[in-house]
Amino acid sequence: MTITLIILSVVFSVLAGISKAICDLSEEGKIKFYKKTFWIKDLSWQNKWKNGDKKQGEKFWLSSTFFVAQTDAWHLFGVLFRISFAVAYTCIGMLTTVSYLYMFWVVVAYILFATSFHIFYTFNI
């Protein structure tokens with residue numbers, strides 16, 4: 001169980017870093033993918049509305065509110081970032097019930113998060 005929690009905290013810390021990098025790159029318009037209206041935050045508002053026109057209403061049911069994460073990368077990876085970060089630190093919390101020595105893992109997980117963020121943000125992987 002302890003090994004599983006350590007592995008999960010590592011995986012989700014790295015996933016949180018990658019997701020945060022994608023959010024920041026999307027907001028800055030630095031992601032270079034074909035479907036720019038999904039990947040670039042400033043253009044993604046069009047995906048929420050029929051034909052990209054707010055006057056025509058939502059593109060699909062709750063596309064501008066509850067299901068907004070389905071319309072653009074910034075919202076989707078924002079959700080993934082928050083969930084991953086929470087899961088990683090929940091796993092660490094569970095590890096501390098085994099031994100308080102696992103408290104140092106908080107620092108390790110943050111270093112993994114920051115390193116993976118830096119790598120993916122800097123090199124646009």
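1. Glu 28 has a relative accessible area of 42%, so Glu 28 is partly exposed (buried means under 20% relative accessible area, exposed over 50%, partly exposed in between, with a 1.4 Å probe and protein chains only). Its salt-bridge partner is Lys 30, at 3.3 Å from N to O (a salt bridge is a side-chain nitrogen of Lys or Arg within 4 Å of a carboxyl oxygen of Asp or Glu). Lys 30 is partly exposed too, at 39%.

2. A word on the source: this is a predicted model, where local features need pLDDT of at least 70, side-chain atom pairs count only at pLDDT 80 or more, and totals for chains, interfaces and linings use all residues. Residues are numbered from 1 along each chain as its sequence is written, and side-chain values use heavy atoms, leaving out hydrogens and water.

3. The structure holds four salt bridges. Another of them joins Lys 41 to Glu 27, with the closest N and O atoms 3.6 Å apart. This pair links distant parts of the chain, 14 residues apart: Lys 41 sits in the loop between helix 2 and helix 3, Glu 27 in helix 1 (helices are DSSP runs of H or I, at least four residues, numbered from the N terminus).

4. Do have a look at Lys 48 and Asp 72, whose closest N and O atoms are 2.9 Å apart in a salt bridge. Both residues lie in the loop between helix 2 and helix 3, so the pair ties together parts that are 24 residues apart in sequence. Lys 48 and Asp 72 are both buried.

How values were computed
Helix = DSSP H or I, 4+ residues; strand = E, 2+ residues; numbered from the N terminus.
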